[in-house]
Amino acid sequence: MIKKLLITYFVIQITILAQVAYVPVDDEIYSYLDRMNTLNIIENYNSFEIPKTRKEVKKYLINILDKVEKLDFVDQNKFSDFLAEFEVDLISTQSV
């Protein structure tokens, strides 16, 4: 009995840890990424494929970071806000 409970516990823990974090559909990041795609700052962004994972959004933000000097003042400010929102994801990438 204890063996079954332990196995069940570990399966549940692995399942919980393995879940992918999605960005909510109503998040502002989607309209911002769509705008960045329109301005040719990022490529291969499909606004019809949402929700996106935090990992996918992180990749787009890294691409924008390389071209941030091309953005106007408002877009740079929004970009700073999104960097703050996704900071944990970005830092985890840099440490790997």
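Leaving out neighbours within four places in sequence, leucine 71 is in contact with Tyr32, Met36, Ile41, Ile64, Gln76 and Phe79, where contact means heavy atoms within 4.5 Å. This is a predicted model, in which local features need pLDDT of at least 70 and side-chain atom pairs pLDDT 80 or more, while totals for chains, interfaces and linings use all residues. Residues are numbered from 1 along each chain as its sequence is written, and side-chain values use heavy atoms, with hydrogens and water left out.

Leucine 71 sits in the loop between helix 3 and helix 4; helices are DSSP runs of H or I, at least four residues, numbered from the N terminus. Leucine 71 is buried at 6% relative accessible area, buried being under 20% with a 1.4 Å probe, protein chains only. From leucine 71 to isoleucine 41 the C-alpha distance is 8.6 Å, across 30 residues of sequence.

Now the aromatic pairs. The whole structure has two, counting rings of Phe, Tyr and Trp (its six-membered ring) with centres within 6.5 Å; planes under 30 degrees apart are stacked, over 60 edge-to-face, the rest tilted. Tyrosine 32 and phenylalanine 82 have ring centres 5.0 Å apart and planes at 50°, so this pair is tilted. Tyrosine 32 belongs to helix 2 and phenylalanine 82 to helix 4, so the pair ties together parts 50 residues apart in sequence. Tyrosine 32 is buried at 3%, and phenylalanine 82 at 5%.

Tyrosine 45 and tyrosine 60 make an edge-to-face pair, 5.4 Å between centres and 85° between planes. Tyrosine 45 is in the loop between helix 2 and helix 3, and tyrosine 60 is in helix 3.

Methods. Helix = DSSP H or I, 4+ residues; strand = E, 2+ residues; numbered from the N terminus. Buried < 20%, exposed > 50% of the residue type's maximum accessible area, 1.4 Å probe, protein only.
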